[in-house]
Each structure stands twice: as C-alpha cells, then as structure tokens.
Amino acid sequence: MPSRKNAEAVAYFRRLLEPVYRDRKLLHVSEVDAAMFGTASMLAELGAANPFLLAGNKGTTKARVPNDAEVCTLELRGATIVETARRFERLLQDLPQSLVKRINHWDPNMEARSVGVTLGEFTQVAGREKYGRRKSDWTNLEDKTTIDQFWDYVGTERAQSKVVSLHRSNLEEIANDLDVGLGTVWAADNSAGVHGGSTGLRWLESSQTATELVDEMSDFAENVRVAPFLEGIPMSIHGVVLANQVAVFRPVELITLRYVERNQFLWAGCSTSYDPHELDRLEMRRIAREVGIALRDSVGYRGPFSIDGILTESGFLPTELNPRLSGGFGALTRGIPGLPLAPLCWAAMEEEPLNYRPALLEQAILESADTNRVTGGHVVTTRRFEQLVEIKLVRDGEEFREALPGENPIAWLTCGPSPVGGIIFLQMAGSSERNGMLIAPEMVRVLRYCDHQFNTGFGQLNCAKEVR
C-alpha cells in the first residue's frame, strides 16, 4: 500500500502535468515495445490523445498495449543490445514510406511530437520533433574518454586514467604503468556511437598482453580510456536536475558480471536490495547533488542523470555519466507505479514553467525505493525464446534447481523473447527479507542453471567482491 508521501507525490505530479499533456499527440519510439506500454498508459491517464507506438521489436512483458493505440513493430534484431539500438536509431531517420504514410494517417495535421528513451539521441521521427530532446552538449558527456575532464571540473575524486589512441605503439606500457595489481579497464570512445551495458568495456588482466584486445577494440573505437581495474561493487546514483534544485535518490547495484574466459563484462540489470554503509550512501548522494548542480551551471542541463562507478575499499569512485533516463530509474520507482517520472523529466528538459517541487520528488522516491526493494536482474541472450517460460526455483546446496510441487520457491525465473534472441529475468522471493543482499552472485548462479537447462552458453562467470 503506498505511503501518504507517495500518494501525495503521485497526485501532485499528475495534476501538475495534466495541462502539459492533455490532448497531446505523441509518437512513442523504443527498441522494444515492452518499454513503452507503461508510460503510454500513464500519459493516457493524463489526458493525452491516442498514441502511436513504434518499436524495434517485441520484448517480454505482461503489460497490455494501451487501448486505442496504433502499434508498429519493425522486427529489428542484432547480436547485442547496442547493435540493436543503433540499427533502430538509424531506421528512425529513414523510415519506410509505407510506415510514414501510416503515421501521417494517424497524425494528418503534423501536430504530434515524438518521445522516447534511446541509447543515442534522435531529433525527430517522420517529421515529428522530439519532446524532451537532449542537446549535444548533454549527450557529449556520455563519452567515457572525455568524462574525466568533467569529474575534475566538479572536483570529484576519481581513479587515475589516461586516454590514448589504439594505434599508439606503447599502449601496453601505459596500461602497465596504471595497473595496481588487477589489470586495467579499457573504455571505448563514442566514435562508433554511444554504447552502454558494458559493451564498450574490456578488462586486460595483469598477465595478459594487449595485442588481441587492441585488434578487437579497433573495430569500434579510435581512442580508449585506460584506468586501473578496481575491485569493489559496481554502483550507480541517480538524480533529476530541475530549475533551482537537484533531487537525488539512493544507491543502486549495477549487476555487472565478469566472464572468466573473456576480457568482457556482462551487464545484468539493476537492483536496490544492497545497502552500502550509511556514510557511503551519504557521500554518493552528495556527489550526485554536486554533479547535478555542475550539469545545470556548465551546460544548462535539465532532467534525469545517473553516475556509474565502483564502491572500492577507499570509497565510491565515478567512472561514467549518463544524462538520460537510464535503467536504474525503473528500479528506483518500481514501488510507485503511478508516478509519471518520464513525462515529468521530459517537461523539465523542455523547461516547462512548472512548480516541480524537487523536495517532494526526492522524498517520495527515496522512501519508496528504500521500502520496495528490487531483488532481481535480467540478461539478454542470443538463445532465442519464442514463448514465455516461467520456473519456480529453490536452492540445492549452492545452486538453483526447479521447485518440486509443495516446495516454497526462493526465486522466480522468467525467459522470453528479445531483439537479441531472448531475455532472462531473475526475481528473488521475499524482497523485504533481502535488504543488504547483493544480487550479482544470484545472477551468476541462475545463469549456470540456464546454461544447463536451456543451453544459453554464458560459460563461466563471476562477480565483484565487497571490499569496503
């Protein structure tokens, strides 16, 4: 049951946004249809006109398509989430004429605006300008080879690093100089486009030579940021920049798994069950507030952002900045299903003259995220799932197995379709009993189960150690 503060926030922000969205025609775009249904339904409740939903492909969800919505799915696929996202973004700029005609039939007077959260930025779709568009000064901050300049501007402590060309002859020597014992992490630039979900990151261990890694990364990058590999829990802290204040929330676990036999990482979603030490939480929130202020003052930023980093033995060190509605916002607001966060952020980005009440937004999301923990994660796989598969799991020693009739499950496994092939969701039971629990080790276990049960082929994985 929602708390009084949550109910107040939902009611207030809905009243605030109704005049902005009432009767507004919106063309929603997303790489998967599942990502649009909730926001489109929420906008319908705010009085928006019947929407047009344009998706790259089908996703796995139990949510229903909003009533009276026009829906088009393009059946785009890719080998990775980033490849799929880039294909979709390119297609948005050059839609088939048959689809443009269909959109024009839905919006004959060209009055609609396009909306959506994509990895890269788009300006318009089928001639419909984007509402909540990010400026180039904002999106440039996602480049992992230039973000350290921003951390230095803010005065935020960070790991030592060096940005170098992949054609540099002494690259391995540079990496050795930065190595503090566990190797180095290489982050690609954005020369091939924005990347996320760990797809542009590689780990060169101390015992390895750099030749193969340089050859591989040269296919999608020109320069890389080389930094020491730091043991610790990958975490994120989120905020929203509004006209006069910055709302900041609680830490989120970035479930980042490590391949044993590859130099790559496997991103497995976000969780809010893990609690760092209270002093670390306060420090992460302080950093987020300072970064939000710096974003506003330096590039006029408005809207949502997240700071990713590592909670090392000496504290939280940021590694990248995402000035957009990144995945952690979904985990933070899971307990307030009626909160119109995306529409609120789009209005802020458009600098609509509204009383945003950032203190109310911050308090409501903090209270809800601390009370309603997200105790699971998800991973995409090239193994194709055509149908929804749901399995109850119990522990068998250290591993998972399917629950027998009468056994109480400790977790639920759901597998279904995605543009890459399939997607795997893990949800641990008893979220209120799992406060403080890291989800990454559970994801390692469930992917071992999936390899055995569904031949998903993830192979050996491990995850970060708590060192703080």
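Visitor: Which helix is Asp148 found in?
Guide: Keep in mind that this is a predicted model. Asp148 sits within the stretch of residues 147-154, and that stretch is helix 6.

Visitor: Is Asp148 buried or exposed?
Guide: Leaving aside neighbours within four places in sequence, Asp148 is in contact with Arg158, Ser161 and Arg225. Its relative accessible area is 11%. Buried means under 20%, so Asp148 counts as buried.

Visitor: Let's move to Val226. Which residues does Val226 touch, not counting those up to four places away in sequence?
Guide: Val226 lies in strand 10, residues 223-228. At 0% relative accessibility, Val226 counts as buried. Its contacts beyond four places in sequence are Gln160, Ser161, Lys162, Val164, Leu171, Ala175, Leu178, Thr184, Val185 and Trp186.

Visitor: What separates the C-alpha atoms of Val226 and Leu171?
Guide: Leu171 is among the residues that Val226 touches. The two are 55 residues apart along the chain, and their C-alpha atoms are separated by 9.2 Å.

Visitor: On to helix 1. How far apart are its end C-alpha atoms?
Guide: Helix 1 covers residues 4-21, which makes 18 residues. At 1.5 Å a residue it should span 26 Å. The model agrees with that, as the end C-alpha atoms are 25 Å apart.

Visitor: Where does helix 1 bend?
Guide: There's a proline to look for, Pro19, which follows the bend within four residues. The angle is about 25°, and the bend is at Arg15.

Visitor: What do the buried residues of helix 1 pack against?
Guide: The buried set is Asn6, Ala9, Val10, Tyr12, Phe13, Leu16, Leu17, Val20 and Tyr21. An α-helix has 3.6 residues a turn, so residues three or four places apart point the same way. The packing partners of the buried residues in helix 1 are strand 1 (26-32), helix 2 (34-45), helix 11 and helix 12 (358-371).

Visitor: And helix 3, which strands do its buried residues pack against?
Guide: Helix 3 has 12 residues, 81-92, and reaches 17 Å from first C-alpha to last, close to the 16 Å expected. Its buried residues are Val82, Thr84, Ala85, Arg86, Phe88, Glu89 and Leu92. They pack against strand 1, strand 2 (52-57) and strand 5 (124-125).

Visitor: Phi next. What is phi of Ala126 near?
Guide: Ala126 is in the loop between strand 5 and strand 6 (128-129), and it is buried, with a relative accessible area of 18%. Most residues other than glycine have a negative phi. Ala126 has a positive value, near 50°.

Visitor: How does Glu351 count by accessibility?
Guide: Glu351 lies in the loop between helix 11 and helix 12. Its phi is positive too, near 55°. With a relative accessibility of 47%, Glu351 counts as partly exposed.

Visitor: How many charged residues are in the lining of the largest cavity?
Guide: Sorted by class, the lining has six nonpolar and three polar residues. The charged residues there number four.

Technical notes. Residues numbered from 1 in each chain as written. Predicted model: local features only at pLDDT ≥ 70, side-chain atom pairs only at ≥ 80, totals over all residues. Heavy atoms only, no water. Nonpolar A, V, L, I, M, F, W, Y, C, P; charged D, E, K, R; others polar. Helix = DSSP H or I, 4+ residues; strand = E, 2+ residues; numbered from the N terminus. Expected span 1.5 Å × (residues − 1). Bend = angle between axes of the 7 residues up to and from the residue. Buried < 20%, exposed > 50% of the residue type's maximum accessible area, 1.4 Å probe, protein only. Contact = heavy atoms within 4.5 Å.
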